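I opened the model to look up a few features and note them down.

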Amino acid sequence: MRFVLTVAAMAVTAVLSAPLSHADPAGETTPDSPPLTAFDVADPAIGRLDPTLLAAVQNATSAAAAEGVTVTVTSGWRSPEFQQQLLDDAIVTYGSYTAARQYVQTPEQSRHVVGAAVDIGGPGADQWMITNGPRFGLCQIYANETWHFELTTDLFGACPALLPDAGGAH
């Protein structure tokens, strides 16, 4: 059973961390497009991010690049319909709503839908962002999603404790 759950977790991780590429206005993507960067503001996945989050991700992306780390955005803003599709796909993958919720929020609870969350990719980008993101206000939120970041530092620049997964209270 543990092996099956591990394989399933790896499958959803691959799906959720794979570059979404360019999104159409509904938040759906075209898989053959190159990965997005924080500077692709003409794409709704980037352009509809909260302006403060967008600036933080752009600043972090530039700082990472100066250190030789390429940061891409695998997912930014999502339409409610696209978020629901991700949840529906995860239910099929995991076999139940409860299991799927460990990795995918509902459209009503997703911070992506309101432009307040970003998933990053690129070799070493997640570790760079975990280490350096707080300097820009960016924090990893879920212990099981090293790619998901939100603006959540406190007044002292510290990140909150990690939630175990997306099913936890936010």
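For my notes, a helix is a DSSP run (H or I) of at least four residues, numbered from the N terminus. By that count I placed Met-129 in helix 6, residues 125–132. The model is predicted.

**Met-129.** Is this residue buried or exposed? I found Met-129 buried, at 1% relative accessibility. I then listed its contacts, leaving aside neighbours within four places in sequence: Ala-60, Val-71, Ile-120, Pro-134, Leu-138 and Phe-149. I also checked Val-69, which is 60 residues from Met-129 in sequence. Their C-alpha atoms are 9.9 Å apart.

I traced an open sheet of four strands in the order 3-4-6-5, paired antiparallel. Strand 3 (72–75) and strand 5 (138–140) are at the edges; each has a single partner strand, so one side of each lacks a neighbour in the sheet. The twist from one strand to the next averages 45 degrees. I looked at strand 5 again and found three bridges to strand 6 (residues 148–151). Leu-138 is opposite Leu-151 in strand 6.

**Helices on the sheet.** Helix 6 lies across strands 4, 5 and 6, at about 125 degrees to strand 4. Helix 3 (residues 51–66) lies across strands 3, 4, 5 and 6. I noted its angle to strand 5 as about 85 degrees.

**Rings.** How many aromatic pairs are there? I got two. Tyr-94 and Tyr-103 form a stacked pair, with centres 4.8 Å apart and planes at 5 degrees. Tyr-94 is buried at 15% relative accessible area, and Tyr-103 is buried at 13%. Last, I found the charged end of Arg-48 over the ring of Trp-77, 4.5 Å from its centre.

Terms used:
Residues numbered from 1 in each chain as written. Predicted model: local features only at pLDDT ≥ 70, side-chain atom pairs only at ≥ 80, totals over all residues. Heavy atoms only, no water. Phe/Tyr/Trp six-rings, centres within 6.5 Å; stacked < 30°, edge-to-face > 60°. Buried < 20%, exposed > 50% of the residue type's maximum accessible area, 1.4 Å probe, protein only. Lys NZ or Arg CZ within 6 Å of the ring centre and 35° of its normal. Helix = DSSP H or I, 4+ residues; strand = E, 2+ residues; numbered from the N terminus. Contact = heavy atoms within 4.5 Å. Pairing = 2+ DSSP bridges. Axes fitted to C-alpha atoms, helices over the stretch in contact; angles between N-to-C directions.
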